[in-house]
Amino acid sequence: MTLLEVRQVTKNYSAQGNFGRNRGQIVKAVDHVSISLAEGETLGVVGESGCGKSTLAKMVAKLLEPTSGSIIFQGQDLAKLSTMDLRKARQNFQIIFQDPYSSLNPRKTVRDILAEPFVVQGIAPEQGVESRVAELLRTVGLDESVASRYPHEFSGGQRQRIGIARALALNPKLIVCDEPVSALDVSIQAQVINLLKELQDKFGIAYLFIAHDLNVVKHIADRVAVMYLGKIVEIGPTSEIYNSPRHPYTKALVSSAPSITAKKRDRIVLQGDLPSPLNPPSGCRFSSRCWKAEEICHKEEPKLVSVGNVDSACHFPL
């Protein structure tokens, strides 16, 4: 059953350049993006820094309002909900932030941090707040005795576990994971990823998982969406995206992922710099760096079309 539908969502920003340069120009951080997510599924979103993946995540979590398009969650258009109905809907979608150091209030104890969702929503857990806080800590692999401590007393991995516990507090159907392991050591990343998978198996949570590390996404995502300059250029099952990518950008991205088996000559090195989002190339946005580009690529923007089990936005896929 479909849990989330993002329909033709766009997010524009007005450029604020130094000394008036570029002022008034529009940057399309996310440009007519559509995705869907089923209950209990994980959709990974990958791409270079600045491609718009975190902006997309924040719009799904209602931390940013889209310029146009709609976000449908559990059959409801979030933009059309009243304040009270939106607050109620928020119980079912939460977010885990990238930085476990800045996402927790340093003035509050762990107990207060984990109890806050119940206060904001006006909900009283059946077993009581104290018992629920202890249960949440045990669920993420922390001892309930740490509830009286402050965030600065924990390591990065432990803080992220607290952030995960906070996201779990109201039993959500969807958790938006905005690069939740990128600030952690590699060994700790594996522990957090395994924890997220265990929680998904136990509670049936769906994840929108944002990351720039393709190896992390490979181990957790059921499907992967690849973004480039604000657009999705390819989306499909994880195995298809990694083993037989159709879009040239996806091929280059996958080939760049560190691997002990990959040969140096197998890596695709893109020529040129990433174009400015203020002035993206006409036609296909990847055409200025693509080794397969022809005249049509510079003139006509390709649409996402099915190529086997994958949707690819390329005039010359495969």
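The model is a predicted one, in which local features need pLDDT of at least 70 and side-chain atom pairs count only at pLDDT 80 or more, while totals for chains, interfaces and linings use all residues. Residues are numbered from 1 along each chain as its sequence is written, and side-chain values use heavy atoms, with hydrogens and water left out.

**Exercise 1. Cavities**

State the volume of the largest cavity and identify the residues that line it.

*Solution.* 
Step 1. On a 1 Å grid over the protein atoms alone, a cavity is a set of points where a 1.4 Å probe fits but cannot get out; a pocket is an open set with protein on both sides within 12 Å along at least five of seven lines, and lining residues have an atom within 4 Å of a point.
Step 2. Grid points are joined across faces, edges and corners, and a volume is the space filled by probe spheres set on the points. On this basis the largest cavity holds about 70 Å³.
Step 3. Its lining consists of H247, P248, C284, F286, S287, C290, K292, C297, P302, C314, H315 and F316.
Step 4. These divide into eight nonpolar, three polar and one charged residues. Here Ala, Val, Leu, Ile, Met, Phe, Trp, Tyr, Cys and Pro count as nonpolar, Asp, Glu, Lys and Arg as charged, and the others, Gly among them, as polar.

**Exercise 2. The second largest cavity and helix α1**

Determine which strand gives the most to the lining of the second largest cavity, and explain why helix α1 is described as largely enclosed.

*Solution.* 
Step 1. The second largest cavity has a volume of about 60 Å³. Among its lining residues are M59, K62, I71 and D77.
Step 2. Strand β4 (residues 68-73) contributes the most, with three residues. Helices (H or I, at least four residues) and strands (E, at least two) are DSSP runs, numbered from the N terminus.
Step 3. Helix α1 (residues 53-60) has six of its eight residues buried, and is therefore largely enclosed by the rest of the structure. Buried means under 20% relative accessible area, exposed over 50%, and partly exposed in between (1.4 Å probe, protein chains only).
Step 4. The buried residues of α1 are K53, T55, L56, A57, M59 and V60; M59 also belongs to the cavity lining.
Step 5. K62, which follows α1, has a positive phi near 60°, and K62 lines the second largest cavity as well.

**Exercise 3. Aromatic pairs**

How many aromatic pairs does a search of the whole structure find, and why is the pair of F73 and F93 assigned to its class?

*Solution.* 
Step 1. The search finds four aromatic pairs.
Step 2. In the pair of F73 and F93, the ring centres lie 5.2 Å apart and the planes stand at 70°, so the pair is edge-to-face. Rings of Phe, Tyr and Trp (its six-membered ring) pair if their centres lie within 6.5 Å; planes under 30 degrees apart count as stacked, over 60 as edge-to-face and the rest as tilted.
Step 3. This pair links distant parts of the chain, with F73 in strand β4 and F93 in strand β6 (residues 93-96), 20 residues apart. Both F73 and F93 are buried.
Step 4. Y228 and F286 have ring centres 5.2 Å apart and planes at 85°, so this pair is edge-to-face. It joins strand β9 (residues 223-228), which holds Y228, to the loop between α9 (248-256) and α10 (295-299), which holds F286, across 58 residues.
Step 5. Y228, Y249 and F286 form one aromatic cluster. F286 also lines the largest cavity.

**Exercise 4. The surroundings of D31**

Is D31 buried or exposed, and which residues does D31 touch?

*Solution.* 
Step 1. D31 lies in strand β2 (residues 26-38).
Step 2. Its relative accessibility is 5%, and D31 therefore counts as buried.
Step 3. Contact means heavy atoms within 4.5 Å. Leaving aside residues up to four places away in sequence, D31 touches V9, T10, G230, K231 and R285.
Step 4. K231 is also one of the residues closest to the centre of the second largest pocket. The volume of that pocket is about 350 Å³, and β2 gives the most to its lining, with four residues.
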